[in-house]
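Colleague: Could you take me through the aromatic contacts of a structure that is new to me?

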Amino acid sequence: LTLEQYKAALPYFESSSAINYNPYALDKIATLTFLQFGDSKKAVAYYETHIRLYGCGEYLCQRLATLYAKLSDVEGVISSYTRLYDEQKNDIIGKKLVDLYLLQKDYDRLGLFLEKSHIDDEMLFSIYKRQKAYLKAAKLALIIYQKSGDVRYAAQNAMLMFEFGNQKNPKLIDETITKLSRVVEQQRDALYLNY
């Protein structure tokens, strides 16, 4: 490498990697393949094969995600970060995934990811409402309220349960009135008062 004899260096890195598992040697192979020989498909294949055999690991998944980003392959970046998140449950990686799904406007996959990770329940609540999954939204609103004490979510729970329940059921009417009465004691809002 120091002598810039890249074609001669590559087989040594390959045999080193074959003899002894080393993510850094594999990274050198993929980097040489991409930067010096311009073969992005082969570089990606090196990473992908290695990751399937030995697992992702933070270093290689980050490197693969970076390569996919250089290739403007957002799906590849998502795939790499998903593997990394599944292994480590790292919230920073999770937030990157959320941003990527938003960039793609892929609200269905974003919703599935948020259901699994619970990184941002307020965003998941919005997605449920967007998808017209009102019962899920109502249940999640109650959970958010219990965690945060934010009465807006208690109100959302009451209103959604009423709107999508049997509105002639006296028990549901009483529950809705009780819940909203508690809400307006803390936050006098015209919407809640009108309800």
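This is a predicted model: local features need pLDDT of at least 70, side-chain atom pairs count only at pLDDT 80 or more; totals for chains, interfaces and linings use all residues.

Modeller: Residues are numbered from 1 along each chain as its sequence is written, and side-chain values use heavy atoms, with hydrogens and water left out.

Colleague: How many aromatic pairs does a search of the whole structure find?

Modeller: Rings of Phe, Tyr and Trp (its six-membered ring) pair if their centres lie within 6.5 Å, and planes under 30 degrees apart count as stacked, over 60 as edge-to-face and the rest as tilted. Searched in this way, the whole structure gives aromatic pairs numbering six.

Colleague: What is the angle between the planes of Phe 125 and Tyr 153?

Modeller: Phe 125 belongs to helix H8 (residues 121–130) and Tyr 153 to helix H10 (residues 151–163), so that the pair links distant parts of the chain, 28 residues apart, where helices are DSSP runs (H or I, at least four residues) numbered from the N terminus. The two rings are 5.4 Å centre to centre and edge-to-face, with an angle between the planes of 80°.

Colleague: Is Phe 125 buried or exposed?

Modeller: Buried means under 20% relative accessible area, exposed over 50%, and partly exposed in between, with a 1.4 Å probe and protein chains only. Because its relative accessibility is 6%, Phe 125 counts as buried.

Colleague: Which residue lies over the face of Tyr 107?

Modeller: A charge sits over a ring if NZ of Lys or CZ of Arg is within 6 Å of the ring centre and within 35 degrees of the ring normal. At 3.9 Å from the ring centre of Tyr 107, the residue over its face is Arg 130.

Methods. Helices (H or I, at least four residues) and strands (E, at least two) are DSSP runs, numbered from the N terminus.
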